[in-house]
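This briefing concerns a single protein model and is arranged by topic. Please read it alongside the sequence and coordinates shown here.

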Amino acid sequence: MIAKIRVLIVDDHTMIRDALRNYFVNDDRIEVVNQAKNGKEALEKVAELDLDLVLTDISMPVMDGHDLAKALKADYPSLKVIVLSMINESKQIKRMLATGVDGYVLKNCDKEELAAGIKQVMEGESYYSPNVVHKIMEGLSKRNGIERSVIEMPLSSREKEVLKLVMKEYSNSEIANELFISVRTVEAHKRNLLEKTGSKNLVGLAIYAVEKGLID
């Protein structure tokens with residue numbers, strides 16, 4: 001039997017925490033093992049529990065989701081963190097992504113999307129709601145040609161192929177099958193893409209691809 005993904009829910013609204021717990025009552029892969037009402041309480045519970053993933057809101061008293069995510073990524077680098085928020089504003093999204101979170105899902109998503117996002121993150125991918133990616137892209141048009149702050153290195157033709165498939169939301173195994181290469185090689189290309197483009201995550205790669213006209 002495949003071990004369940006052990007999740008901590010962090011939100012200052014009891015009704016939302018309870019609703020999320022009920023989402024996964026009958027899920028054969030995801031188990032909500034505990035809840036916390038703010039970041040401080042979440043850190044206390046993370047220290048006590050054997051967890052795979054923290055699902056957190058942003059706006060909370062005592063300690064918000066931003067400070068929680070920073071602390072978790074610093075002290076528990078293997079622990080996955082997904083933001084679940086109503087905030088769909090470019091500046092706040094970028095602020096959260098800068099902490100290194102593994103996903104950003106909007107609260108108006110359905111439970112199927114949320115479950116799929118959790119499972120995708122646990123498979124080593126990132127997950128961002130389509131509207132979140134759209135908001136990031138939308139912000140690009142307002143940057144008025146601000147240059148990237150890294151020294152860019154040219155991408156190989158293979159890296160460009162991998163990047164285009166990543167932007168089409170292909171999984172590592174699907175990219176491997178499409179390009180007739182191994183999954184390990186795909187992972188190596190992804191690491192090279194992040195390093196060469198100065199991106200921290202897939203949203204950063206998407207921004208790079210749009211800026212360079214590599215995708216439509």
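The model is predicted. Its largest nonpolar core comprises 25 residues, and helices H2 and H3, both of which give two or more residues to this core, also pack against each other with axes within 9 Å.

**Nonpolar cores**

- In soluble globular proteins, nonpolar side chains tend to be buried together.
- Within the largest core, of 25 residues, Val10 and Tyr104 have the most contacts.
- Two or more residues of this core come from each of the strands S1 (5-10), S4 (80-85) and S5 (103-106), and likewise from each of the helices H2 (39-48), H3 (65-75), H4 (90-97) and H10 (202-211).
- Another core, of 18 residues, lies apart from the largest one, and its members include Ile30, Leu53, Val105 and Ala115.
- Leaving aside residues up to four places away in sequence, Val10 touches Ala36, Asn38, Gly39, Ala42, Val54, Leu55, Thr56, Asp57, Met60 and Leu68.

**Packing of H2 and H3**

- Two packed helices are described by the angle between their axes and the distance between the axes.
- For H2 and H3, the axes come within 9 Å and cross at roughly 25 degrees; because this angle is under 35 degrees, H2 counts as roughly parallel to H3.
- The crossing of H2 past H3 is right-handed.
- On the H2 side the contact involves Gly39, Ala42, Leu43 and Val46, which meet Leu68, Ala71 and Leu72 of H3.
- By class, the residues of this contact are six nonpolar, one polar and no charged.

- Tyr76 is located in the loop between H3 and S4.
- Its relative accessibility is 29%, so Tyr76 counts as partly exposed.
- Tyr76 touches Val46, Ala47 and Ala71, when residues up to four places away in sequence are not counted.
- The C-alpha atoms of Tyr76 and Val46 are separated by 9.0 Å, although these residues are 30 residues apart along the chain.

- Most residues other than glycine have a negative phi.
- Val62 is not a glycine, yet has a positive phi of about 70 degrees; this residue is in the loop between strand S3 (53-56) and H3.
- With a relative accessible area of 67%, Val62 is exposed.
- Phe180, likewise not a glycine, has a positive phi of about 60 degrees and is found in the loop between helix H8 (172-179) and helix H9 (183-197).
- Phe180 is exposed, because its relative accessible area is 76% and the cut-off for exposed is over 50%.

Conventions
Residues are numbered from 1 along each chain as its sequence is written. This is a predicted model: local features need pLDDT of at least 70, side-chain atom pairs count only at pLDDT 80 or more; totals for chains, interfaces and linings use all residues. Side-chain values use heavy atoms; hydrogens and water are left out. A nonpolar core is a set of buried Ala, Val, Leu, Ile, Met, Phe, Trp, Tyr and Cys residues joined through side-chain atoms within 4.5 Å. Buried means under 20% relative accessible area, exposed over 50%, partly exposed in between (1.4 Å probe, protein chains only). Helices (H or I, at least four residues) and strands (E, at least two) are DSSP runs, numbered from the N terminus. Contact means heavy atoms within 4.5 Å. Axes are lines fitted to C-alpha atoms, for helices over the stretch in contact, and angles run from 0 to 180 degrees between N-to-C directions. Angles under 35 degrees count as roughly parallel, over 145 as roughly antiparallel, 65 to 115 as roughly perpendicular and the rest as oblique. A crossing is left-handed if the near helix is turned anticlockwise from the far one by less than a right angle, and right-handed if clockwise. Ala, Val, Leu, Ile, Met, Phe, Trp, Tyr, Cys and Pro count as nonpolar, Asp, Glu, Lys and Arg as charged, and the others, Gly among them, as polar.
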